[in-house]
Amino acid sequence: MKYNFDEIIERKRTNAMSVEGFREYIFQDVEHKLELPYPDDEFVRMWVADMDFATPDVVVDAIKERVEKRIFGYTRVFDPGYYEAFVNWTKRRYDWTFNKKDLVMSNGIIPALFELVEYICKDEENVLFLTPSYAYFKYAADFNGRKSVCSDLINTDGYFTMDYDDLEDKMANENIGVVIFCHPHNPTGRVWKEDELKKFGDICVKHNKYVISDEIHCDLLRQGETHIPMAKLFPEYERLITCMAPSKTFNLAGMMISNIIIPDAEIRGRWNARHYNFDNPLSIAATQGAYEKGEEWLEELRAYLDGNMQYVGDCLKEHLPAANFRIPEATYLAWVDATAYFTAEDDIPMFFAKKAGVLLEGSTMFVQNGNGFFRLNVACPRSVLEDGMDRVCKALNEKGTVAHK
Ligand code: LCS
């Protein structure tokens with residue numbers, strides 16, 4: 001390998017959410033009063049979805065090149081080179097292209113969701129998404145005073161599928177204004193396949209619903225997997241918005257830049273009229289550099305993440321046989337079924353923080369349909385992962401399984 005993903009990089013004193021922000025985010029411990037048995041910087045951090053790997057050199061170089069220009073005034077993406085870099089990326093990797101006029105920029109996909117729910121939903125309309133879910137889908141609804149309507153995924157021995165009858169029912173009867181779709185899915189890691197996307201999309205089209213397809217994790221596939229952008233299957237359906245970003249792929253979440261593709265002229269018009277439309281010059285340079293030159297690094301990263309996932313799978317099989325885990329088709333997030341060890345009332349993140357010294361997310365942090373599950377972020381050097389898994393397995397074995405009524 002050309003790149004060294006085993007390198008331990010110090011993140012202390014970089015204002016990293018992963019290191020400094022866990023008390024607020026996981027435990028709502030705003031005043032830092034919660035007593036934990038480990039000093040804050042001695043936890044193994046397997047929670048927030050960013051990586052402990054360096055962003056590739058080509059990206060750092062692109063940022064440096066822009067820094068050298070020395071002026072950082074108000075900036076927007078005007079240079080067609082940005083679009084060219086991104087559309088060539090989607091063409092090469094997904095055999096999918098989109099119109100330049102449909103692309104708008106956002107300081108993140110979450111801010112875009114918060115805005116889009118407002119621009120799309122009429123009075124009294126609700127927001128539909130699949131559960132378990134990345135909690136910010138719900139927060140986008142909450143923020144806009146909308147009700148969340150959840151469709152639980154079906155779990156068949158650790159393989160999650162959509163409940164089409166439930167989706168059909170809810171789209172017909174629950175006054176849905178917009179569907180937020182996660183593809184690949186966080187936290188289960190499913191890469192929805194063509195037949196699944198068609199079935200799901202057909203229901204949305206039949207009911208004429210707006211769909212936001214959040215494809216932020218689409219570049220981080222297991223080797224051998226293929227991502228099909230939802231919009232590739234429904235090229236004529238203007239009510240379909242696609243979100244993609246370099247943030248997960250290249251560990252650039254802090255640069256706060258994402259691509260939102262809005263074919264519907266009315267919604268795009270509303271966006272352009274109301275969105276605070278400036279971008280960070282360093283973020284633009286980083287993203288363009290990543291799409292132009294980051295592919296080789298990404299392929300090595302994927303191989304490394306595959307190895308980490310395999311390690312998690314082997315480790316759980318050997319040491320926690322009562323847990324159920326399938327290597328996800330995408331993402332660096334392992335969704336572990338530990339219902340044998342926990343009751344619905346257990347606070348899983350607190351248990352692991354206190355008993356294992358591991359920071360992770362679990363159960364109710366994913367809205368609903370996640371009881372007894374925890375999520376491990378495995379985008380860290382193998383040695384850190386080994387330590388984390390060792391701690392997780394020991395703590396759970398000490399706890400033992402619980403009897404379910
Ligand atoms: N959409 C999904 C599906 C995500 O998983 C995340 C980050 C975002 C959007 C955030 O997009 P941004 O606003 O940064 O562009 N997921 C995280 C997670 O699961 N834990 O920490 C972050």
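Modeller: The side chains of Glu329 and Lys193 meet in a salt bridge, with 3.2 Å from N to O; the term stands for a side-chain nitrogen of Lys or Arg within 4 Å of a carboxyl oxygen of Asp or Glu. Across the interface of domain 1 and domain 2, the rule finds four salt bridges. This is a predicted model, in which local features need pLDDT of at least 70 and side-chain atom pairs count only at pLDDT 80 or more, while totals for chains, interfaces and linings use all residues. Residues are numbered from 1 along each chain as its sequence is written, and side-chain values use heavy atoms, with hydrogens and water left out.

The domain assignment, whose bounds come from an automatic or database source, gives domain 1 as 17-56 + 296-396 and domain 2 as 72-293. Their centres, taken over C-alpha atoms, are separated by 25 Å, and the contact (heavy atoms within 4.5 Å) takes 36 residues from domain 1 and 41 residues from domain 2. Between them the two domains bury about 3,300 Å², 52% of it on carbon and sulfur atoms; buried area here is the accessible area (1.4 Å probe) that two parts lose on being put together, summed over both.

Across this interface the rule also finds 26 residue pairs in polar contact, both residues being at pLDDT 80 or more; such a contact is a pair of N or O atoms within 3.5 Å, where within protein one must be able to donate a hydrogen and the other to accept it, and residues adjacent in sequence count only if both atoms are side-chain atoms. On the side of domain 1 that touches domain 2, the elements giving two or more residues are helix 12 (295-319), strand 11 (333-337) and strand 14 (373-377), helices (H or I, at least four residues) and strands (E, at least two) being DSSP runs numbered from the N terminus. Helix 12 gives the most to that side, with nine residues.

Arg375 lies in strand 14 and, at 2% relative accessibility, counts as buried, a term that means under 20% relative accessible area, with exposed over 50% and partly exposed in between (1.4 Å probe, protein chains only). The side chain of Arg375 reaches the backbone oxygen of Trp47 at 3.2 Å. Not counting residues up to four places away in sequence, Arg375 touches residues including Met46, Trp47, Asn186, Pro187, Trp335 and Glu361.
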